[in-house]
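Please consult the sequence and the structure alongside the text.

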Number of protein chains: 2
Amino acid sequence: MQNNALTPPPGSSSARPPRGRPREFDRVAALATATRLFWIKGYEATSIADLTEAMGIGTKSLYAAFGSKDELYAEALEYYYTTYEGLVWTRFRKASTAREAALAFLEDSAIAMTGGDCDLPHGCMATLASVGSDGHAELAELIRATRAGGFDILKARFDRAKIDGDLVLAADTTKLARFVQIVQSGMAIRARDGAERAELHAVAEMALSGWENITATVDQGMEREA
Amino acid sequence: MQNNALTPPPGSSSARPPRGRPREFDRVAALATATRLFWIKGYEATSIADLTEAMGIGTKSLYAAFGSKDELYAEALEYYYTTYEGLVWTRFRKASTAREAALAFLEDSAIAMTGGDCDLPHGCMATLASVGSDGHAELAELIRATRAGGFDILKARFDRAKIDGDLVLAADTTKLARFVQIVQSGMAIRARDGAERAELHAVAEMALSGWENITATVDQGMEREA
DNA sequence: TCCTTTATGCAGTGATCGATGCATAAATAG
DNA sequence: CTATTTATGCATCGATCACTGCATAAAGGA
């Protein structure tokens, strides 16, 4: 949860200026390049050779600056989230109702996953990340936690909507948040397969077209099931 | 599309019985074991050493029987589909309306993705397959084609529903099929992350709770968007 | 100027990757 | 029986994996 060995604060307080030879490359730019590569190809398919070539530095500099491949990936995932989370959550936070928030989240996800306003890689780095769980337990847990964070935000917003009054108290916010999260996850897979933005946009709208039914009848729906 | 080098007919017509030393292992059982391993760990994270150990055979026998890792994966994907597609599509095919078919597909997917009635690996092998596109273009295309097959089945069913009359002619069956496919894809990711069957079951129901709104207003929804 | 500190380039570490050569074992055909 | 055909076990291939030791270059502090 807190900063462990994998995620040291990147721009930690530089109390004294470094005395030796200064770094010849921009660390942030290199991290951005690494992030893009991991985003596109994933952890396992991205080799150190791929990274050093794309970043324009040698392996020694990479390890001196980032420690290991795992630590670099962890920093890249953090960079990814802090840099691009606004694309997906800004309108969500401004929305006045739970439904508007969910729709904004899915619509803006559709935009972000198809390149945004620039040429971002398609798909969601956190959703599509699949680190083989052999010896990378720490990374796998970090990725799972990142995914879980999105769910928590959704559920918290829906819980607040109950207090605000725009969501009935009987609504199951956990299931609601899971549903929205699952739709976004599915969009990520389609985006990686080359889906157009309009397709994902339409899906965002269709997903919430039954909002009133969902929020009002989800519990009695479970009773009907049993 | 047709059988290429990667997918020779496994049980092709044995015109004459083999003359030499018979194989000491069951090829189908070995393929089933390999399929399960690929299903759980994916293509890249599953090594030949992992496979030979799990299958209980040597590398020479593996290559003699299956050709290469790529060809083995292709056969495993085919085995996966032909063996388990019934879990997901049987009730779908029997359904009398498009909505019932879609609901059956999502509900049965929820069951299959959480182990079915035995201890199947969680998640969908085809959906979660992510072969790094470096030098494995043929496999990547095969996987994309497998995913596309599911979409085609859904869309064909919805198109038929228009003729049957239980779906309005104005409905956009392409978007409808994409939506259902995306929900199922998202379920696969959640299943791999350890989702309970009940959670995915609830999502299947929620996804189709706006069916009447979707099928009736999807086009005017697009107009409202523009 | 000299000394310390840091970064870089190059070569190379052991390990593992997918895949093979070779000798041998085991079966059938004659 | 012998000859032929096939499967297997063992050792190993070159390539690549993540990663590091060592010598050198380049900066600041004194």
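The sections below treat the nonpolar core, one of its phenylalanines, a neighbouring threonine, a helix and the cysteines.

## Nonpolar core

The model is predicted. Its largest nonpolar core comprises 134 residues. Within this core, the residues with the most contacts are Phe158(A), Phe179(A), Phe158(B) and Phe179(B). In soluble globular proteins, nonpolar side chains tend to be buried together.

## Surroundings of Phe158(B)

When residues up to four places away in sequence are not counted, Phe158(B) touches Ala98(B), Ala102(B), Leu167(B), Thr173(B), Leu176(B), Ala177(B), Val180(B) and Trp211(B).

Thr173(B), one of these partners, belongs to helix α8 of chain B, which spans residues 173–192. Thr173(B) is classed as buried because its relative accessibility is 4%, under the 20% cut-off. With neighbours within four places in sequence set aside, the contacts of Thr173(B) are Lys155(B), Phe158(B), Asp159(B), Lys162(B) and Leu167(B).

## Helix α9 of chain B

Helix α9 of chain B covers residues 197–207 and is mostly covered, with nine of its 11 residues buried. The buried residues are Glu199(B), Leu200(B), His201(B), Ala202(B), Val203(B), Ala204(B), Glu205(B), Met206(B) and Ala207(B).

## Cysteines

Over all chains, the structure holds zero disulfides. Cys124(B), at 11% relative accessibility, counts as buried.

Technical notes. Residues are numbered from 1 along each chain as its sequence is written. Chains are lettered from A and ligands numbered from 1 in the order in which they are written. This is a predicted model: local features need pLDDT of at least 70, side-chain atom pairs count only at pLDDT 80 or more; totals for chains, interfaces and linings use all residues. Side-chain values use heavy atoms; hydrogens and water are left out. A nonpolar core is a set of buried Ala, Val, Leu, Ile, Met, Phe, Trp, Tyr and Cys residues joined through side-chain atoms within 4.5 Å. Buried means under 20% relative accessible area, exposed over 50%, partly exposed in between (1.4 Å probe, protein chains only). Contact means heavy atoms within 4.5 Å. Helices (H or I, at least four residues) and strands (E, at least two) are DSSP runs, numbered from the N terminus. A disulfide is a pair of cysteine sulfur atoms within 2.5 Å.
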